[in-house]
Amino acid sequence: MKKICIVVGARPNFVKVAPLIRAIEKSAKAEYQLVYAGSDDDPTLESSLFDDLQMPHPNVFLGVDSVSLNEITSRVMAEFDAYLEREPVDVVIVVDDLASTMAAAIVTKKRGTKLAHLVAGTRSFDMNMPKEVNRLVIDALSDYLFTAGVKSNSVATREQAEGSNTYMVGNILMDTLRFNYQRFRKPQLDVAEGKYIVFTLNRKALLADEENLRRMLDAMAEAAAGMPIVAPLRGKASEVVGRLVQGSSAFVLHPSLPYLEFGWLTSHACGIITDSGNVAEEATFNSVPCITLNSYTEHQETVSIGSNVLVGEDAERLREEVKCMVGGQWKKCSLPDRWDGRTAERIVSILVK
């Protein structure tokens, strides 16, 4: 029986590991423990999250709560090392590119334990981004590199360390969408299917430049031509956007939504405007037009094959793309290879060989 440890660093990671847990539970050759870097009273982990995803709560909470990346790294390393001392495992799976993910990866390799990286090979090629450093370190240390698409697969294969193995398994977010699609439920919002735009925002750089953000919000409102822009936002994004659009009838501000309600909202929208790579990937799966407020994407397939368009932070480009969106003039799109909802099964099959 292969003992697998899954390490989660933040709320979005749970959406990616839920199908992995289901696949392990179906296997007669593996067992797992789920470790969360944060604390059990983390306010981002609302009780509905685990019910919506139909997954168990973490077995272990490392209790690390900090905003300093260096402090997160050092504390997670200490706590995760103590955990592995108590609970030896055959393989550790880390997700994405957070400081906590890198910390767990370093500890795993120092202990001589096999390391698997879920969503490997993603690059921005901007070394000023802390996450880019994390990605490089994690991929270099990993024994199993699980990639979502052709481009990330070629990056991981080119850079892989001796003894590493790269597998293009597909995008595990699609597993979660496929599993939950029939369970999505409409939120308490007065919107008609296909007659609204969803807007999400989280990037600190966008929120910091309020003058440019105001231009972008004005461009969105004008180009939407009366179509409501539903904005389920949390934290600072809610505060800043709420202040900048005060008095505007174009925006419908709403607190962040549970997973199943947000899934319904995005899958039934006319289009989506976001700075989230995950949201853009889900839009491609749902064939919903998507505008990303960034100059790059971790998964180029969403642009070259899928429904995504990059506009950076350019208000005028945003205006033109929103006009195309509401005017029904969006490009044709299709589903990238292996974005079929069977990624978790492929991963578990590889790990238990």
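1. Glu 87 sits in the loop between helix H3 (69-86) and strand S4 (91-95). Helices (H or I, at least four residues) and strands (E, at least two) are DSSP runs, numbered from the N terminus. Glu 87 is partly exposed, at a relative accessible area of 32%. The cut-offs: buried is under 20% relative accessible area, exposed is over 50%, and partly exposed is in between (1.4 Å probe, protein chains only).

2. A word on the source. This is a predicted model: local features need pLDDT of at least 70, side-chain atom pairs count only at pLDDT 80 or more, and totals for chains, interfaces and linings use all residues. Residues are numbered from 1 along each chain as its sequence is written, and side-chain values use heavy atoms, leaving out hydrogens and water.

3. Asp 97 belongs to the loop between S4 and H4. Its relative accessible area is 9%, so Asp 97 is buried. The side chains of Asp 97 and Arg 135 form a polar contact of 2.8 Å. Such a contact is a pair of N or O atoms within 3.5 Å; within protein, one must be able to donate a hydrogen and the other to accept it, and residues adjacent in sequence count only if both atoms are side-chain atoms. Neighbours within four places in sequence aside, Asp 97 is in contact (heavy atoms within 4.5 Å) with Lys 131, Asn 134, Arg 135 and Ile 138.

4. Next, the pairing of H4 and H5. The axes of H4 (residues 99-110) and H5 (residues 130-141) come within 9 Å and cross at roughly 25°. That makes H4 roughly parallel to H5, a label for angles under 35 degrees. From H4, the contact uses Ala 99, Thr 101, Met 102, Ala 105, Ile 106 and Lys 109. H5 supplies Asn 134, Val 137, Ile 138 and Leu 141. By class, this contact has seven nonpolar, two polar and one charged residues. Here Ala, Val, Leu, Ile, Met, Phe, Trp, Tyr, Cys and Pro count as nonpolar, Asp, Glu, Lys and Arg as charged, and the others, Gly among them, as polar.

5. Helix H11 (residues 259-267) includes Ser 267. Nine of the nine residues of H11 are buried, so H11 is largely enclosed by the rest of the structure. Ser 267 counts as buried at 11% relative accessibility. The Ser 267 side chain reaches the backbone oxygen of Gly 263 at 2.8 Å and that of Trp 264 at 3.2 Å.

Conventions
Axes fitted to C-alpha atoms, helices over the stretch in contact; angles between N-to-C directions. Parallel < 35°, antiparallel > 145°, perpendicular 65-115°, else oblique.
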